[in-house]
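Please read them with the model open.

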Amino acid sequence: MVNEGESWGHRVRILLVEDDHRVAAALTAALTRRGYEVEHAPTVAAALSAAPCDLVLLDLTLPDGDGTDLCRDLRRRSSQLGIIAVTARGEERDRVLGLRAGADDYVVKPFSMVELQARIEAVLRRAAQAAPEPNLIEVGPVHIDVSARTVRVHGREVALTRKEFDVLLSLARQPGAAVARDRILLDAWGTTFADRHTVEVHVGSLRGKLGDPRLVETIRGVGYRLRSG
């Protein structure tokens, strides 16, 4: 079942609701290559019993129910969940019904993976911006004033570049949790297309400026975490 308020410290989880197994296999492979974790649900029933996710790619023609009704049900359960209708229904009426049912975006088949990737990122950004965030964040000795974009460590003000601050804020939103590199890229650069080495470079400079390299810990195969104690 999709739950509201799931964090994105893990790899972004996508629920693919698609009854055509060939289409689902191709999409799952393409999305997995791009770093997403994908669960396939071929029916309405399977979608409703699926594990928590961050975003749903939803076909509107399903064997055991209408995808528009499923979209409405998912939206009632979660205001933060990203939902993109991915369907062959291209008429204006269908688009209006899908968007009014709660879809954040509407993609008509056939489509390119570049377009779908861009739409996924846009929906995830909007969902993240809509979530309420405290103005002051404290993680161990690190104190962040989000609106002023200032950082203090053990009371000492630390001058960070804009991107260093954005990387730190991405980590501080989930203190003590492993934050995936793709999540950091999305938070700080607005895309997952950027070179992941960019994250490593900024984390390295951030460690130096914070004065204690142990504050930002590398989680092999995942990303980084800001130590809370």
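1. Val-151 has Val-158, in strand 11, as its bridge partner. This is a predicted model. Strand 10 (residues 150–153) and strand 11 run antiparallel and are joined by three bridges.

2. Four strands form it, in the order 8-9-10-11, with antiparallel pairing. Strand 8 (136–139) and strand 11 (156–158) are the edge strands, each pairing on one side only. From one strand to the next, the twist averages 25 degrees.

3. Helix 6 (residues 162–172) packs on this sheet. The helix touches strand 8, strand 9 (142–145) and strand 10. Its direction makes about 110 degrees with that of strand 9.

4. The structure holds 19 salt bridges. One of them pairs Asp-59 with Lys-109, with the closest N and O atoms 3.8 Å apart. The two residues lie 50 residues apart: Asp-59 in the loop between strand 3 (55–58) and strand 4 (61–62), Lys-109 in the loop between strand 7 (105–108) and helix 5 (113–130). Is Asp-59 buried or exposed? Asp-59 has a relative accessible area of 5%, so it counts as buried. Lys-109, at 24%, is partly exposed.

5. Asp-187 and Arg-173 also meet through their side chains in a salt bridge (3.7 Å, N to O). Asp-187 sits in helix 7 (residues 181–189), and Arg-173 in the loop between helix 6 and strand 12 (179–180). Asp-187 is partly exposed at 23% relative accessible area. Arg-173 is partly exposed at 40%.

6. Arg-214 and Asp-212 form a salt bridge at 3.1 Å, N to O. Arg-214 is exposed, at 63%, whereas Asp-212 is partly exposed, at 22%.

Note on methods. Residues are numbered from 1 along each chain as its sequence is written. This is a predicted model: local features need pLDDT of at least 70, side-chain atom pairs count only at pLDDT 80 or more; totals for chains, interfaces and linings use all residues. Side-chain values use heavy atoms; hydrogens and water are left out. Two strands pair if DSSP finds at least two bridges between them. Axes are lines fitted to C-alpha atoms, for helices over the stretch in contact, and angles run from 0 to 180 degrees between N-to-C directions. Contact means heavy atoms within 4.5 Å. A salt bridge is a side-chain nitrogen of Lys or Arg within 4 Å of a carboxyl oxygen of Asp or Glu. Buried means under 20% relative accessible area, exposed over 50%, partly exposed in between (1.4 Å probe, protein chains only).
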